[in-house]
Amino acid sequence: MCPTFDKAEQGLDLLQEAITNCGLTAGEDFFIGLNCAGPEMFDYDPVPMAGKSDKVANFPGQDMHKRKGKYEVMVGIAKVADDLVEFWSDLLTRYPSIIAIIDPMRKQEEEHWMRLCDRISDRCLVVGSQAYHRPGLLKDEQLTENFKSSGIAFKLEQLNTVSDILTCVKKMEEDDNQIIISSCQGETTDTFLADFAVGVNARFIKVGAPVRGERTVQINRLLQIEEQLETKDKLKLLEPNAFPHIAPPPLPEPEEGEGEAQTEEEAKKDGKKK
């Protein structure tokens, strides 16, 4: 189910080989999306708890400010946020069939997130999942220019309600985000998720590999819906993928008089050097 590879390229090469063996062409008939799970790759170091030098924190929430600050992209290979931007950019350049990456890093790295968006968003969707709060909170939050995405994945789980997701779908679509409806842990053979994805006009549905009943039923239900729409002459071709460019927010303008003061200081330094 989850083979272990030494490099990310090995898994992608195997996937593209399988696509080719099915008589399809990667990047034309079949596209790839990566669930990077940036928050789960972030490497926290066990640290002494406050006032208890002989005990260490058992989970990342304790003493979270003390951390390595690196993402373990592969076993034994850790990268800081700057290097992670280069890592994903390079991987997408070599594998153009990848059209979406989910949670490439944590939201806390918003500067690097936006830098990555600037590099890849015109050819790949940068999707937020764990990067956003749950719909019940997101629906009341104000979106800012400091953190943007071109897609968002919603899960119908725990405190997430259909009403909250519908509200957030509209909100995020207005902010140029593609919608992804995703399955969650504890899947069943109920096919509501497939109907829900079609009902909200989601661009993608994320249900995992078609290897178990709780997953294949979703795909079979989508095929049934397609057949029903075609019978009623309501089926239309999917529009080509669109990739809106996301640029980092502009730098704040210097306050009045700040630029002049800096110029005078530089002039004094130059005079002393002479």
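Student: Which residue is the bridge partner of phenylalanine 42 in β5?

Tutor: Tyrosine 71 is the bridge partner of phenylalanine 42. Keep in mind that we're looking at a predicted model.

Student: What makes β2 and β5 a pair of strands?

Tutor: Pairing takes at least two bridges between the strands. There are 2 bridges joining β2 to β5 (residues 70-74), so the two strands pair, and they run antiparallel.

Student: Where does that pair sit in its sheet?

Tutor: It belongs to an open sheet of 3 strands, in the order β2-β5-β6, with antiparallel pairing.

Student: Why are β2 and β6 called edge strands?

Tutor: Because each of them, β2 (42-43) and β6 (77-79), pairs on one side only.

Student: Let's go to β7. How do you know that alanine 100 is buried?

Tutor: Buried means under 20% relative accessible area. Alanine 100 comes out at 9%, so it counts as buried. This alanine lies in strand β7, where 5 of the 5 residues are buried.

Student: How far is alanine 100 from isoleucine 120?

Tutor: Their C-alpha atoms are separated by 9.9 Å, and the two residues are 20 apart along the chain.

Student: What makes β1 and β7 partners?

Tutor: The pairing rule asks for at least two bridges. Strand β1 (residues 32-35) and β7 have 4 bridges, in the parallel sense, so they pass. Isoleucine 32, for one, has isoleucine 98 as its bridge partner in β7.

Student: Which strand does β8 join through 2 bridges?

Tutor: That's β9 (residues 151-155), which runs parallel to β8. Glycine 128 has isoleucine 152 in β9 as its bridge partner.

Student: Which way do the residues of β8 point?

Tutor: Leu125 and Val127 point one way, while Val126 and Gly128 point the other way, and all are buried.

Student: On to the helices. Why is the span of α3 called close to the expected one?

Tutor: With 14 residues, α3 (residues 81-94) is expected to span 20 Å at 1.5 Å a residue.

Student: Why is valine 162 called partly exposed?

Tutor: Buried is under 20%, exposed is over 50%, and partly exposed is in between. Valine 162 has a relative accessible area of 32%, so it is partly exposed. Its place is in helix α6 (residues 162-173).

Student: Which nonpolar patch is Val162 part of?

Tutor: Val162 forms one on the surface with Leu166 and Phe192, and together they have about 230 Å² of accessible area.

Key: Residues are numbered from 1 along each chain as its sequence is written. This is a predicted model: local features need pLDDT of at least 70, side-chain atom pairs count only at pLDDT 80 or more; totals for chains, interfaces and linings use all residues. Side-chain values use heavy atoms; hydrogens and water are left out. Patches are made of residues with over 30% relative accessible area and no salt bridge: like charges are joined within 9 Å, nonpolar side chains (Val, Leu, Ile, Met, Phe, Trp, Tyr) within 5 Å. Accessible areas come from the Shrake-Rupley method with a 1.4 Å probe; for residues, only the protein chains shown count as cover. A salt bridge is a side-chain nitrogen of Lys or Arg within 4 Å of a carboxyl oxygen of Asp or Glu. Buried means under 20% relative accessible area, exposed over 50%, partly exposed in between (1.4 Å probe, protein chains only). The expected span of a helix is 1.5 Å times one less than its number of residues.
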